[in-house]
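Q: I've got a model open and would like to learn how to read its features. Can we go through it together?

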Amino acid sequence: IFTGLSFVAETNVLYLTFTLRSMIAFFGYLIMQVGLWYTEFTWDEMGSAAWLEANAGDKGATPDELEKKFGDSSAAAGGNYTPRGDGSDQVPLTREGTFKLIPEDKLKASFPTPWGFLIGWWLWGVSYLFPMDASLQPVTPGDVLKLTPTVYGYAAAGVCLFVSFVASIPMADAVLNRNGQKKTVLSLMFLFGWITLGVMTGMDIDEQMKGYDAHGSACTAYSWVLSMLAPITIIMSQQELFASRKMGTLWEQSGKPNFHPIVYNMGGPLFVWGWFMFWVA
């Protein structure tokens, strides 16, 4: 794709500029990444440990021994179900009976509020209020910085706030309580938010590139490709990450941890690569 664009636009050099916009976005991503990793790592480790404790499982047992006792994923997913007290959760029956629920206090303690994730998203949104180039120069003492973002920049910042909320506290509640219907709705909102953010990013760049020479159109084309590939890549990474985690897809489907998590999977690289494309755009 990039080779084709370069050929058509007769472009042989790409410049990556480091401005206030790019630096705010970069540090926002770093904070978001660390916050997300901490929250998910805590949930995987503490959540699975709390589940084993509630179900009299041996934390020192091998994955094969745990699967022998509690059943493998296919056996669990096809079992009968018994509801949580309020009917919002279901736990499948195994050969040894019904899975016991994680106590409410330990369940909530296993999933800390993802403040790093939220703050990182907010910083990424704030970056859209700054120009792409270095036109926002330091001013003399007493002057006030005047930001003049495009309407698409405002829209992108708003989408960042929307996505940060959808993918944090409500999504955490859906995952903790294994509320499939709620997670499906939130996932669709998450998908809509990501695609909208990609479109608004492309339009914001297009608006800011007006007035430049003929190469501006080539830069806009590159940015559009990056802005639309990034959300798709990140969404794909989430599918892979959730399927490979201890308390991911299998927890939501069967009510028990994944005793064979895949540490080295393509989810992480795809996630980082997607955000890198977004940042470069």
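Q: In which helix is Ser-22 found?
A: A quick note before that: this is a predicted model, where local features need pLDDT of at least 70 and side-chain atom pairs count only at pLDDT 80 or more, while totals for chains, interfaces and linings use all residues. Residues are numbered from 1 along each chain as its sequence is written, and side-chain values use heavy atoms, with hydrogens and water left out. Helices are DSSP runs (H or I, at least four residues), numbered from the N terminus. Ser-22 sits in helix H2, residues 20–54.

Q: Why does Ser-22 count as buried?
A: Buried means under 20% relative accessible area, exposed over 50%, partly exposed in between (1.4 Å probe, protein chains only). Ser-22 has 10% relative accessibility, so it counts as buried.

Q: What does the side chain of Ser-22 reach?
A: Look for polar contacts: N or O atoms within 3.5 Å, where within protein one must be able to donate a hydrogen and the other to accept it, and residues adjacent in sequence count only if both atoms are side-chain atoms. Here the Ser-22 side chain gets to the backbone nitrogen of Thr-19 at 2.8 Å. For plain contact (heavy atoms within 4.5 Å), leaving aside neighbours within four places in sequence, Ser-22 has Thr-17 and Trp-279.

Q: Which residues of H12 are buried?
A: H12 covers residues 267–280, and its buried set is Gly-267, Phe-271, Gly-274, Trp-275, Met-277, Phe-278 and Trp-279.

Q: Which residues have the most contacts inside the largest nonpolar core?
A: In soluble globular proteins, nonpolar side chains tend to be buried together. A nonpolar core is a set of buried Ala, Val, Leu, Ile, Met, Phe, Trp, Tyr and Cys residues joined through side-chain atoms within 4.5 Å. The largest one here has 50 residues, with Trp-121, Trp-124, Trp-194, Leu-197 and Trp-275 making the most contacts inside it. H2 gives the largest share of this core, eight residues. Not counting residues up to four places away in sequence, Trp-124 touches Trp-275, Phe-278 and Trp-279, among others.

Q: How many residues line the second largest pocket?
A: There are 33, and Met-171, Lys-183, Ser-187, Gln-238 and Phe-242 lie nearest its centre. H9 gives the most to that lining, with seven residues.

Q: And what does the side chain of Glu-252 make a polar contact with?
A: Its partner is the side chain of Lys-183, at 2.8 Å. Glu-252 lies in helix H11, residues 249–254. Beyond neighbours within four places in sequence, Glu-252 is in contact with Val-175, Arg-178, Lys-183 and Phe-242.

Notes. Helix = DSSP H or I, 4+ residues; strand = E, 2+ residues; numbered from the N terminus. Expected span 1.5 Å × (residues − 1). 1 Å grid on protein atoms, 1.4 Å probe; cavity = no way out; pocket = protein on both sides within 12 Å on 5 of 7 lines; lining within 4 Å.
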